[in-house]
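Reader: Could you pick one part of this model and take me through it slowly? I'd like to follow along on screen.

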2 protein chains.
Amino acid sequence: MIKLSKEETIIAEEFLRIKEDSGSHSPSVLTLKKMLSGIDIKVDACFLSNPYATDLFLKYLESDLIENRLIRDVLEFYPSQNDIIASAIAKSIKVNKENIFVGNGAIEIIQVVMKNLVRDNVVIILPTFSSYYEFVNQNTKCLFYNLQKDNDFLLDIDDYISFVKSNKAKSIVLINPNNPNGNYIKYEEMIRLLEEFRYLDNIIVDESFIHFAYEDNQYSLKSVADFIERYSNLIVIKSMSKDFGIAGVRAGYAIMGEQTVRSLTKDGFLWNSNGIAEYFFSVYSNSGFLKEYEIVRKRYIIETHDFIKRMNHIKNIKVYPSMANFILIELLDGSTAADFVMKLLIKYGIYTRIGNDKIGLDGEFIRIASRKFEENLYIYECVKELMEEN
Amino acid sequence: MIKLSKEETIIAEEFLRIKEDSGSHSPSVLTLKKMLSGIDIKVDACFLSNPYATDLFLKYLESDLIENRLIRDVLEFYPSQNDIIASAIAKSIKVNKENIFVGNGAIEIIQVVMKNLVRDNVVIILPTFSSYYEFVNQNTKCLFYNLQKDNDFLLDIDDYISFVKSNKAKSIVLINPNNPNGNYIKYEEMIRLLEEFRYLDNIIVDESFIHFAYEDNQYSLKSVADFIERYSNLIVIKSMSKDFGIAGVRAGYAIMGEQTVRSLTKDGFLWNSNGIAEYFFSVYSNSGFLKEYEIVRKRYIIETHDFIKRMNHIKNIKVYPSMANFILIELLDGSTAADFVMKLLIKYGIYTRIGNDKIGLDGEFIRIASRKFEENLYIYECVKELMEEN
């Protein structure tokens with residue numbers, strides 16, 4: 001069982017104070033570095049992104065904007081308006097530009113969708129990304145559907161459908177793969193859900209982690225965004241932070257009915273993308289970039305699943321099944337998640353996400369992100385040492 | 001009188017089509033370059049910013065982020081949350097961090113303030129920046145107070161006070177200096193207005209152009225932001241795009257009552273600043289940067305007023321008094337503003353802002369921004385040639 005030393009306990013208390021200030025989210029590694037002295041963070045396994053995609057984007061940025069100093073134009077002048085950036089995205093994903101709403105990160109879209117479009121009530125699956133229930137309108141009722149630990153937090157589709165129907169829900173939120181456990185709803189099942197729920201006001205599907213999931217040995221992408229013409233109540237939310245590794249750029253978009261996009265951009269969200277985000281979306285619609293991206297996406301998937309496989313062999317922890325770029329683990333030796341997270345941070349410099357503040361997670365849970373190959377190896381070795389040699 | 005040739009008329013029609021798509025705002029120079037072929041834009045006098053400040057910011061960015069490649073951290077990781085960035089701003093402007101709401105550009109703040117905080121009715125001075133009336137809640141009534149051309153679009157304070165009172169207004173918007181005419185309300189008069197209107201729900205003061213106004217020969221800054229503790233109904237909106245020349249970064253903030261800031265950040269606006277904006281605000285609280293900035297601010301003010309003085313000597317136009325970084329001019333020779341703008345664009349490569357779509361501007365008006373010294377000289381020479389030799 002993990003025990004903190006006196007010194008470690010003092011640092012842990014300071015950490016908790018900083019975390020308190022970040023509400024229901026973890027403080028970023030930059031915030032932590034500024035505020036928590038004496039700790040050398042080697043691996044940020046709290047941060048859910050593909051670091052190889054960051055490398056690739058930086059390579060493009062370097063040659064397109066930095067070497068020739070065109071970055072000045074991007075930072076000096078106003079970026080284009082929402083619908084112009086939507087046109088660039090449309091080229092890449094083959095959805096009509098009229099169906100695309102560009103956001104200042106997916107978080108802005110979650111805020112807008114939950115506040116402006118969701119009415120009456122909404123079914124939210126637990127555990128979840130907390131902003132989905134935190135950002136609802138005060139008149140909206142959240143109906144929580146709990147994933148069962150006994151069922152490895154997998155979604156029982158039939159049970160879920162009857163829950164939504166018997167509660168007379170008006171909207172639902174599906175994060176696929178789900179955050180924080182990584183549960184993946186297969187494409188065919190998603191289509192069944194879209195069909196079952198075509199009578200709802202809103203089917204909100206957050207595909208922020210979909211680039212890490214696969215169903216065939218080609219690792220093909222399976223997004224429901226293409227169904228926007230068939231299901232006008234569908235809203236697909238897409239963060240660029242995770243798959244492209246560019247959280248600081250603040251880029252995201254949603255696929256929605258044309259009417260909904262028009263109603264949002266009619267009196268707001270004019271210049272909500274910054275110049276670097278607009279540049280990112282121009283790269284995102286560049287076939288050369290996308291070809292290189294597919295390579296780093298697949299490489300990261302392979303390494304992530306190698307990492308998950310290794311982690312599965314560590315004693316005294318349970319690793320829940322994941323198709324995302326992170327795993328949810330549960331401690332089985334009586335250690336607390338708080339002690340685990342702090343020991344890993346202080347002794348090994350690995351920053352992970354405690355699960356205790358997540359509603360619907362009853363037990364000692366930690367979410368660990370997959371990073372670069374050598375970082376994953378280091379995480380594996382440290383967690384193994386911590387859980388097997390204590 | 002200005003007449004367009006056949007070729008110029010064709011380009012003018014194409015330009016109008018592009019402008020149509022931009023709603024009540026001008027298309028950006030980048031959008032224009034992409035869509036309007038065959039035109040070489042030499043000076044963007046539509047764009048209201050201090051280009052010397054852009055130079056300065058780029059110098060810092062180069063040495064802080066580009067030379068040592070730290071730009072990766074800024075783009076890869078999540079930026080800090082709203083209240084942490086507010087702390088950095090607080091250091092620079094000496095307002096409590098609890099009174100600062102950080103926005104994704106001032107436009108996000110205008111949207112939030114007009115939609116979420118302004119109720120019942122609001123007095124808006126015309127002509128104005130159109131988002132102030134476009135973004136109001138559908139239940140909010142806009143009470144328009146017209147600046148008079150006969151009075152050089154200057155604000156008659158007594159008349160304005162009696163208008164606000166007799167209309168039983170609940171909120172008011174003051175842009176100081178005003179956009180698009182540059183009218184400046186002096187500091188003492190602003191204090192009088194704050195005192196008169198302390199009973200209102202909201203006094204919204206947009207100080208996006210305040211860095212260009214002055215009352216003494218030291219060009220001292222006169223912001224009402226310091227009064228936030230005395231007047232809890234005061235909301236000061238501040239864009240960084242104009243004075244710091246960084247529209248593409250999307251950085252702005254507002255000074256508001258503590259309660260108002262808390263109510264907005266309680267369930268939204270978590271990560272609404274991007275990494276470059278967070279970096280900008282760290283520079284903004286750096287005394288070395290601010291010292292260098294004061295020099296380029298004053299240089300730009302001096303050059304702007306030299307430009308305005310010259311423009312005043314051109315025949316067939318009237319230049320309205322301005323304390324901002326632009327001038328509103330009226331054509332007096334029977335030429336239309338549309339022909340003036342297109343001729344200036346096509347023949348001289350100077351992009352200016354037509355005033356015809358601005359409510360409250362009845363006549364042939366154009367807004368021209370002050371740019372770098374040599375660009376201002378070029379604008380002066382071209383307008384002189386155009387208006388005096390036709």
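A helix and its sheet in chain B

Author: Start with helix α5 (residues 82–93) of chain B, which lies across strands β2 and β8 (252–255) of chain B and runs at about 115° to β2(B). Helices (DSSP H or I, at least four residues) and strands (E, at least two) are counted from the N terminus; angles, from 0 to 180 degrees, are taken between the N-to-C directions of lines fitted to C-alpha atoms, for helices over the stretch in contact (heavy atoms within 4.5 Å). One caution: this is a predicted model, where local features need pLDDT of at least 70, side-chain atom pairs need 80 or more, and totals for chains, interfaces and linings use all residues. Residues are numbered from 1 along each chain as written, chains are lettered from A and ligands numbered from 1 in written order, and side-chain values use heavy atoms, without hydrogens and water.

Now for the sheet under that helix's two strands. In chain B, seven strands form an open sheet with mixed pairing, in the order β2-β8-β7-β6-β5-β3-β4; two strands pair if DSSP finds at least two bridges between them. Its edges are β2 (100–103) and β4 (141–146) of chain B, each pairing on one side only. On average, neighbouring strands are turned by 20° against each other, direction ignored.

V123(B) has I172(B) of β5(B) as its bridge partner. Backbone hydrogen bonds are what pair the strands of a sheet, parallel or antiparallel.
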